[in-house]
Amino acid sequence: MAARGRPRNFDRNDALDKALDLFWRHGYDNTSMADLSAAMALRPPSIYAAFGSKEGLFEEVVERYSERVGKDIWGNLDRFKSAREATRHLLVSTIETFSHPENPRGCMIVLAAPQPDAEHSSVARSLCERRKGNVQVLKTIYADAVRRGEIPRGADLDRIANYYVTVQHGLSIQTRDGMDRDALMAVADAAMATWPSLIKTSLTSS
């Protein structure tokens, strides 16, 4: 028997996609249950029956977002022949994805979070952990590059990964604020131009 309050012929992925669009455009705090109910064509009791809570719904939305959107940016970065090429892909695909006319502008993982001390601080912490996870993805790519000899041994991989993830976050914010694609690409090009000096200085920095 279906859970109480859950409508017949419930399409979970379709409901998640509709909720995703709202959370992506407006953020967690600015998306109300009334907004979600209207977009998903589900009464609030049905949403609670299916997802447990607004937080539970958002967590599933984030997973859906990672599958639909995040994989184009972060997926299979180890397929590239060099860490530098993988890093450039990260920045360029960020620009292409978040400036695409069919998508809301900017990254939901970066921009949708409530304030850390807000009522829903657990949502903020969860998104923060996902962002930290992206740093680890790059560190793994760079560690492999060290073993191949592309990045010198002794390079500060934390510094390099933190730098490029910070640039990637900045591109997301600038995209949301309306910066055009050419200007965004100029930022990406400038960031990639720092690659040789960033590796060199990280060898000697304390």
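Which residues does His89 touch, not counting residues up to four places away in sequence? They are Asp72, Ile73, Leu77, Arg79, Phe80 and Thr94. His89 sits in helix α5. This briefing covers a predicted model. The protein chain has ten helices and zero strands.

**The chain as a whole**

- Reading along the sequence gives the pattern α-α-α-α-α-α-α-α-α-α.
- The C-alpha trace of the protein chain spans about 60 × 35 × 35 Å along its principal axes.
- The protein chain has 206 residues, and 43% of them count as buried.
- Its accessible surface comes to about 10,900 Å². Carbon and sulfur atoms account for 49% of that surface.
- Take the contacts between residues at least 6 apart in sequence: 71% of these join residues at least 24 apart.

**Helix α5 and helix α7**

- Two packed helices are described by the angle between their axes and the distance between the axes.
- Helix α5 covers residues 83-98, and helix α7 covers residues 121-148.
- Their axes come within 9 Å and cross at roughly 160 degrees.
- An angle over 145 degrees counts as roughly antiparallel, so α5 is roughly antiparallel to α7.
- On the α5 side, the contact uses Ala83, Ala86, Thr87 and Leu90.
- On the α7 side, Leu138, Ile141, Tyr142, Ala145 and Arg148 take part.
- By class, this contact of α5 with α7 has seven nonpolar residues, one polar and one charged.
- His89 also belongs to α5. Its relative accessibility is 19%, so His89 counts as buried. The cut-off for buried is under 20%.

**Helix α2 and helix α3**

- Helix α2 covers residues 33-40, and helix α3 covers residues 44-51.
- They pack at an angle of about 90 degrees, with their axes 9 Å apart.
- Angles of 65 to 115 degrees count as roughly perpendicular, so α2 is roughly perpendicular to α3.
- Helix α2 brings Met33, Leu36, Ser37 and Met40 to the contact.
- Helix α3 brings Pro44, Ile47, Tyr48 and Phe51.
- The contact of α2 with α3 has seven nonpolar residues, one polar and no charged ones.

**Aromatic rings**

- The structure holds eight aromatic pairs.
- A pair of aromatic rings is described by the distance of the centres and the angle of the planes.
- Tyr142 and Trp195 form one of these pairs, with 5.7 Å centre to centre and 70 degrees between the planes. The pair is edge-to-face.
- Tyr142 lies in helix α7 and Trp195 in helix α10 (residues 195-204), so this pair ties together parts 53 residues apart in sequence.
- Are Tyr142 and Trp195 buried or exposed? Both are buried.
- Tyr164 and Trp195 form a tilted pair, 5.9 Å centre to centre, with 40 degrees between the planes.
- This pair also links distant parts of the chain. Tyr164 is in helix α8 (residues 157-176), Trp195 is in helix α10, and they are 31 residues apart.
- Why does Tyr164 count as buried? Its relative accessibility is 0%.
- Trp195 has 4% relative accessibility, so Trp195 counts as buried.
- Tyr142, Tyr163, Tyr164 and Trp195 form one aromatic cluster.

- Phe10 is in the segment before α1 (12-26).
- Phe10 touches Ala15, Leu42, Ala50 and Phe51, not counting residues up to four places away in sequence. Phe51 is also one of the α3 residues in the contact with α2.
- Where is Met192 relative to Phe10? The two are 182 residues apart in sequence and 46 Å apart in space, C-alpha to C-alpha.

**Positive phi in two loops**

- Ala41 is found in the loop between α2 and α3. Its phi is near 60 degrees, a positive value in a residue other than glycine.
- Ala41 counts as exposed because its relative accessibility is 63%.
- Asn76 lies in the loop between α4 (54-74) and α5. Asn76 has a positive phi of about 55 degrees, although it is not a glycine.
- Asn76 counts as exposed because its relative accessibility is 56%. The cut-off for exposed is over 50%.

Conventions. Residues are numbered from 1 along each chain as its sequence is written. This is a predicted model: local features need pLDDT of at least 70, side-chain atom pairs count only at pLDDT 80 or more; totals for chains, interfaces and linings use all residues. Side-chain values use heavy atoms; hydrogens and water are left out. Axes are lines fitted to C-alpha atoms, for helices over the stretch in contact, and angles run from 0 to 180 degrees between N-to-C directions. Helices (H or I, at least four residues) and strands (E, at least two) are DSSP runs, numbered from the N terminus. Angles under 35 degrees count as roughly parallel, over 145 as roughly antiparallel, 65 to 115 as roughly perpendicular and the rest as oblique. Contact means heavy atoms within 4.5 Å. Ala, Val, Leu, Ile, Met, Phe, Trp, Tyr, Cys and Pro count as nonpolar, Asp, Glu, Lys and Arg as charged, and the others, Gly among them, as polar. Buried means under 20% relative accessible area, exposed over 50%, partly exposed in between (1.4 Å probe, protein chains only). Accessible areas come from the Shrake-Rupley method with a 1.4 Å probe; for residues, only the protein chains shown count as cover. Rings of Phe, Tyr and Trp (its six-membered ring) pair if their centres lie within 6.5 Å; planes under 30 degrees apart count as stacked, over 60 as edge-to-face and the rest as tilted.
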